[in-house]
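Subject: A structure to look over

Hello,

Here is the structure I promised to pass on. Please have it open while you read, as my notes follow below.

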Amino acid sequence: MENSRPVSRLSLFARHRIVNMKQRGSSIKKIKETLFRDDGVHTTRWAISRFLKRHERNQSILDRPKPGRKPTLNVLHMDVIDEEMQRNDELSAHELRRILQQRTGIEVSVDVVKRTRRKLGWTLQGTKYCQMVREANKIPRMEFSLRCMAQNESFDDVIFTDESSVKIQQSLSKSWGKRGLPRKHKAVVKHPFSVHVWAGISRKGATKICIFSGIMNSIFYQRILEKHLTPFVNRVYPAGHRLWQDNDPKHVSRSTVQWMQENNVRHWRTPAESPDLNPIENLWAGLKYHIRKNIKPKVKDELIAGIKDYWKTVTPELCNKYINHVYKVMPAVVARKGAASGY
């Protein structure tokens, strides 16, 4: 989003927002920042200023009438299209045309609907996926982020842990092709072999990585902590630590809680559904990219060797780089009122 090109032509929705913010006394700079942060509208102060001058002169958010064919759809029809797209951003032009006819009685071609939707600022974009956050967990996520920001949380004694699955993959999602030549076809295994990994990172470095297969239950999880976490804590954090883990049932089961108490493992309670606040998630992404791009394993042994090879590169400097990323995530969580930050 940050690298997208600023738009000088504003949609009707953006124009409404600009007028409302200006009436509340917001500066042009503040309006520009709010549009980008809350609505993803990347524009310039010059474009906002030009629109406000035109709005003050014409007392309208619409463009001046242009010479040529009279528009088929009026402001009411445009509002209907904009409203329906706000309600469901996956509507096709054919579906919009049918809804427009049902709500207003007007019959227009699909091309007219397409042009009008484009004029309103709607463009077809790739979907950006993020974790699901239920309403009940949004407030705890926001409060946690606010508390960390207010206390200038340094995470100096926090060990961020998590498990993930890594499968055999031999290519990236995109590759270069030469113009004029047919596109390359890369074979994909229907059911690729995979392994599970568990590890932790901290300001002082990473734990040993545990590679395993099968289903993890509470007892197996406790064995992993005993073999890979406890020695790391005793060696690196003898004065005290905080363990970051998600709220998976096996992590917070009665037997796991009891094991942690008996073995002096201090669990730091964190909000549910918050993988974006756990920096090791980004490390897992780096591991999987390394496997697809550099290792390209064909068998189990090559996959495991590739994972171990990558883990040798996980230095304290790399861990700190990922941990510092949390300082970008927390303000985004607050700005979105606890919803997924997009990171």
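Which side chains meet in a salt bridge at 3.1 Å, N to O? They are those of Glu 83 and Arg 87.

Before going on, a word on the basis. This is a predicted model, in which local features need pLDDT of at least 70 and side-chain atom pairs count only at pLDDT 80 or more, while totals for chains, interfaces and linings use all residues. Numbering starts from 1 along each chain as its sequence is written, and side-chain values use heavy atoms, with hydrogens and water left out.

**Salt bridges**

I counted a salt bridge wherever a side-chain nitrogen of Lys or Arg lies within 4 Å of a carboxyl oxygen of Asp or Glu. By that rule there are 13 salt bridges. Glu 83 and Arg 87 sit four residues apart, about one turn, in helix 4 (residues 75-87). Helices (H or I, at least four residues) and strands (E, at least two) are DSSP runs, numbered from the N terminus. For accessibility, buried means under 20% relative accessible area, exposed over 50%, and partly exposed in between (1.4 Å probe, protein chains only). Arg 87 is exposed at 55%, whereas Glu 83 is partly exposed at 35%.

Glu 83 also meets Arg 103 in a salt bridge (3.5 Å, N to O). Because Arg 103 lies in helix 5 (residues 93-104) and Glu 83 in helix 4, this pair ties together parts that are 20 residues apart in sequence. Arg 103 is partly exposed, with 40% relative accessibility.

The salt bridge between Asp 276 and Arg 141 is set at 3.0 Å, N to O. Asp 276 is in the loop between helix 9 (254-262) and helix 10 (280-295) and Arg 141 is in helix 7 (residues 135-150), so the pair links parts 135 residues apart in sequence. Both partners are buried: Asp 276 has a relative accessible area of 7%, and Arg 141 has 0%.

**Strand 1**

Strand 1 (residues 158-167) is largely enclosed by the rest of the structure, because eight of its 10 residues are buried. Two strands count as paired if DSSP finds at least two bridges between them. Strand 1 runs antiparallel to strand 2 (residues 194-202), joined by eight bridges, and there Ser 164 stands opposite Val 197. With strand 5 (residues 242-244), strand 1 pairs in the parallel sense over three bridges; Val 158 has Arg 242 as its bridge partner.

**Helix 8**

Helix 8 (residues 218-236) has 19 residues and should span 27 Å at 1.5 Å a residue, which agrees with the 25 Å between its end C-alpha atoms. The expected span is 1.5 Å times one less than the number of residues. Helix 8 bends by about 35° at Leu 229, and Pro 231 follows within four residues. That bend is the angle between axes fitted to the seven residues ending there and the seven starting there. Its buried residues include Tyr 221, Leu 225, His 228 and Phe 232. Among the elements that cover the buried residues of helix 8 are strand 1, strand 2, strand 5 and helix 9, where contact means heavy atoms within 4.5 Å.

Best wishes
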